[in-house]
Amino acid sequence: MIIELIRKNTIGSQNELAELLKARGINVTQATLSRDLKLLKITKVANDMGNYMYIIPDTNGLQDSLLMKGQKSMTANAQIGFISLEYSGNFAVIKTRNGYAAGLAYDIDMSHSSEVLGTIAGADTVFAILREGVSREQATAFFSRFMPVEKNQ
């Protein structure tokens, strides 16, 4: 029932989840709910609005597999936390709002691109290491799949 509720609703707290369960005739304590969430490996992540919501592991499996195959481009609003993109040598330095860098780095890494060797994410910065020979134009075209960058950067 917990999994079904989380899949069908945006739930930001254990209290909200407990109320939804109660409405379906299931009374649960916070301690039990906490243990159940941990057992199910359900985690809380920040959403686009700056609030938190529970997610189920592998919920993004389809999106991840499409990113890995290069079949999915993110919309300009997919990473609304994007602030800037600059280059230094074969490094791309991407600035984001606080808390957005890890998700962006994950999306870039999951794409298994020929342009980027890998990323390192902090709270508000992603360092992307470009492969030798990748031009800034090529890199910017690649990054535009994930964030609203100017392609003439």
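Biologist: Which residue of strand 4 is the bridge partner of Ser84?

Modeller: Happy to start there, with a predicted model in which local features need pLDDT of at least 70, side-chain atom pairs count only at pLDDT 80 or more, and totals for chains, interfaces and linings use all residues. Residues are numbered from 1 along each chain as its sequence is written, and side-chain values use heavy atoms, leaving out hydrogens and water. Strands here are DSSP runs of E, at least two residues long, and helices are runs of H or I of at least four, both numbered from the N terminus. Six bridges join strand 3 to strand 4 (residues 91–96), running antiparallel, and the partner of Ser84 is Lys95.

Biologist: Why is the pair of Phe142 and Phe146 edge-to-face?

Modeller: Rings of Phe, Tyr and Trp (its six-membered ring) pair if their centres lie within 6.5 Å; planes under 30 degrees apart count as stacked, over 60 as edge-to-face and the rest as tilted. The centres of Phe142 and Phe146 are 5.2 Å apart. The pair is edge-to-face because the planes lie at 65°.

Biologist: Is Phe146 buried or exposed?

Modeller: Buried means under 20% relative accessible area, exposed over 50%, and partly exposed in between (1.4 Å probe, protein chains only). Phe146 has a relative accessible area of 0%, so Phe146 is buried.

Technical notes:
Two strands pair if DSSP finds at least two bridges between them.
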